[in-house]
Amino acid sequence: MSRSRLARSASKYAAIAGAAVRRALAERAVLAGRVVFLGAILFIFSRVWQTVVGGGAIAIPGAGKAELIWYLAVTEWCLLSVPPFFLSIEAEVRSGDVACRLVRPVSYVGAQLAEAFGETALRLAVLGPAAAGFALLIAGSWPADPRGLLLALPLGVLSSVLAVLSMAAIGLSAFWIVDTSPIFWIWQKLAFVLGGLLLPLELYPSWLRALARFSPFPAMLWGPGRMAFGFAPGVALETFLELAIWCALAAAGLAALATRVRRRLTVNGG
Amino acid sequence: MPHAIELAHLRKVFRVRERARGFAASLRALIAPREREVVAVDDVSFAIAPGERVAFVGPNGAGKSTTLKVLSGILQPTAGLVRVLGLDPGRDRARLAFRIGTVFGQRSQLWSHLPAADTFDLLARIYELEPAEYRQRRSELVSSFAIADIIEKPVRQLSLGERMRCELVASLLHRPEILFLDEPTIGLDVVAKATIRDLVRERGRRDGCTVLLTSHDTGDMEGVCERVLVIHQGRLLLDRPIEALRKSFIPRKRVSVVTEEAELRIDLPGVRRLPSAAHRTELEVDLAVIGVDRVVAAIVAGARVLDLSVEDPPMEEIVTAIYAGAAPAAARA
């Protein structure tokens with residue numbers, strides 16, 4: 001692809017991402033709902049943490065009550081920032097609206113990803129400060145070494161990229177199974193458990209922790225979250241590389257899936 | 001002159017999974033699903049010259065939309081030759097996309113939460129229009145489709161007729177050489193239908209754009225097109241100028257009239273009263289005997305009219321008449 005062709009192509013997807021941001025801004029109630037939900041989750045689990053840690057039931061080196069609340073704020077920020085756009089892909093496949101999208105000089109999957117990345121960027125920007133505000137309010141302080149939170153930022157962004165790619169793949173599965181909710185449900189629960197959404201992996205039995213490390217979920221949630229426990233550039237770099245590898249694998253898988261979708265649409269008519 | 005659209009012996013077959021009945025059959029179907037073939041389009045051939053406005057009509061499930069999807073590159077044909085602007089749509093879908101415009105009446109290409117103007121801006125980027133060229137084209141279309149006062153409203157707040165005008169503008173921004181319209185007037189009221197038909201016809205003339213319009217509303221083909229292709233059960237039944245079809249197969253019109261008087265008194269040769277209700281009269285007019293204008297004049301002279309509409313017989317009735325009166329082999333006039 002020539003340079004100017006590439007630039008024109010990038011400009012199209014940037015425009016689609018921009019339109020998605022404008023649409024998300026127009027749907028302010030949805031965004032506000034996410035902020036409220038984030039606050040509620042942080043409040044409920046902060047109570048649990050205060051009881052459990054305060055009672056001495058568990059202990060993580062370098063992590064007190066405040067750090068655990070900040071951990072939760074980071075992991076929830078990563079996960080809640082990704083819109084459930086697999087549902088819109090599913091709806092387009094069900095209704096046949098996908099046909100409308102295919103007559104444009106733009107890749108269907110590329111356009112879906114551009115929309116999702118646009119909306120995710122906005123949510124990251126809104127939910128990030130909101131999560132920090134809630135965590136500060138509930139914990140009453142910053143983590144012992146707040147510099148770790150700076151390292152969580154790029155990790156959180158890359159984590160959302162991985163989640164977007166995963167959700168796109170879940171959405172495309174609608175071409176085979178129509179109802180994608182069972183696949184999303186499994187993906188989400190695996191992310192909760194193996195990713196350490198609520199409980200840091202340090203608290204898991206060693207066999208489960210070892211098992212979880214074979215999946216992308218610890219890099220996606222535990223990796224950014226544990227930056228709340230201290231400033232560890234080496235660990236952050238390791239997590240970043242791990243996330244980059246998982247993103248590359250997810251992108252390759254998605255590309256293969258998109259090719260099969262094109263063939264399937266050709267055969268079955270979408 | 002090369003054809004804008006050329007189809008030769010197009011056949012499109014879908015494989016449909018058969019639903020298993022009973023628990024044991026459902027389990028078996030998980031491992032070895034049974035499929036059957038559904039022939040959506042069978043041996044359809046036609047050619048359309050550049051600038052021609054052609055109606056592709058037929059009852060629901062006739063194969064109109066499938067053919068349109070094959071022509072726009074969404075679906076691959078099972079067999080046959082397809083050329084659109086000299087390109088093979090299945091292979092050159094991306095290149096073809098720059099040269100065609102599509103409107104699907106039952107689906108929207110506009111973003112419902114945003115104003116139509118935002119979608120236009122986005123489409124300008126997608127179709128790689130130069131900013132100055134886009135501004136000039138948009139301004140021309142906004143004025144011609146009279147949407148200046150609605151393009152800044154979120155699309156979800158627009159009426160169906162307003163939305164359809166915006167859909168048409170969206171599909172015309174990149175100056176397509178061919179416009180595919182799939183049921184563009186479905187769900188619209190009489191006035192909105194007439195507006196859309198006028199706009200499509202005028203725009204087609206002004207831009208020299210080839211129009212292929214699918215519909216099961218005979219009013220669409222009369223209002224927009226000069227030639228009609230009738231398809232039924234996947235096979236091309238008839239290919240004629242509109243005028244010839246009207247004379248041969250639309251010999252009657254239906255007039256519905258609502259009057260202040262409980263009963264409308266009308267006694268004219270060629271006018272038959274259909275089952276009616278108080279204040280609402282349904283008439284069938286035989287065009288070979290009397291013109292609709294004379295019937296309407298008689299109604300208006302004899303009663304206080306609150307509402308009046310003139311409709312063609314339903315497409316199914318026309319197809320039945322074509323079956324009865326014309327052999328497909330001799331269909332071309």
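The following paragraphs describe the confidence of a predicted model, the contact between chains B and A, and the packing of two helices in chain A.

The predicted model scores an ipTM of 0.82 and a pTM of 0.81. Chain B has an average pLDDT of 86, with 95% of its residues scoring at least 70. Among the elements of chain B, the highest mean pLDDT, 94, belongs to strand E4 of chain B (residues 79–84), whereas the lowest, 69, belongs to helix H11 of chain B (residues 315–325). Over residues 327–333 of chain B the pLDDT stays under 50, and for this stretch the model has 12 contacts beyond four places in sequence.

Between the two chains, 23 residues of chain B are in contact with 22 residues of chain A. On the chain B side, the elements that contribute two or more residues are strand E1 (5–17), helix H3 (93–97), strand E5 (100–104) and helix H4 (116–126) of chain B, and H4(B) provides the largest share, four residues. By class, this side of chain B comprises 12 nonpolar, five polar and six charged residues.

Within chain A, helix H7 (residues 147–172) of chain A packs against helix H11 (residues 217–225) of chain A at an angle of about 165°, the axes lying 9 Å apart. Because of this angle, H7(A) is roughly antiparallel to H11(A), and the crossing of H7(A) and H11(A) is left-handed. The residues that meet are Ala152(A), Leu155(A), Gly156(A), Ser159(A), Leu162(A) and Ala163(A) from H7(A), and Met220(A), Leu221(A), Gly223(A) and Pro224(A) from H11(A). Seven nonpolar and three polar residues make up the contact of H7(A) with H11(A), which has no charged residues.

Note on methods
Residues are numbered from 1 along each chain as its sequence is written. Chains are lettered from A and ligands numbered from 1 in the order in which they are written. This is a predicted model: local features need pLDDT of at least 70, side-chain atom pairs count only at pLDDT 80 or more; totals for chains, interfaces and linings use all residues. Two residues are in contact if their C-beta atoms, placed from the backbone, lie within 7 Å. Ala, Val, Leu, Ile, Met, Phe, Trp, Tyr, Cys and Pro count as nonpolar, Asp, Glu, Lys and Arg as charged, and the others, Gly among them, as polar. pLDDT is the predictor's confidence in each residue, from 0 to 100. Axes are lines fitted to C-alpha atoms, for helices over the stretch in contact, and angles run from 0 to 180 degrees between N-to-C directions. Angles under 35 degrees count as roughly parallel, over 145 as roughly antiparallel, 65 to 115 as roughly perpendicular and the rest as oblique. A crossing is left-handed if the near helix is turned anticlockwise from the far one by less than a right angle, and right-handed if clockwise.
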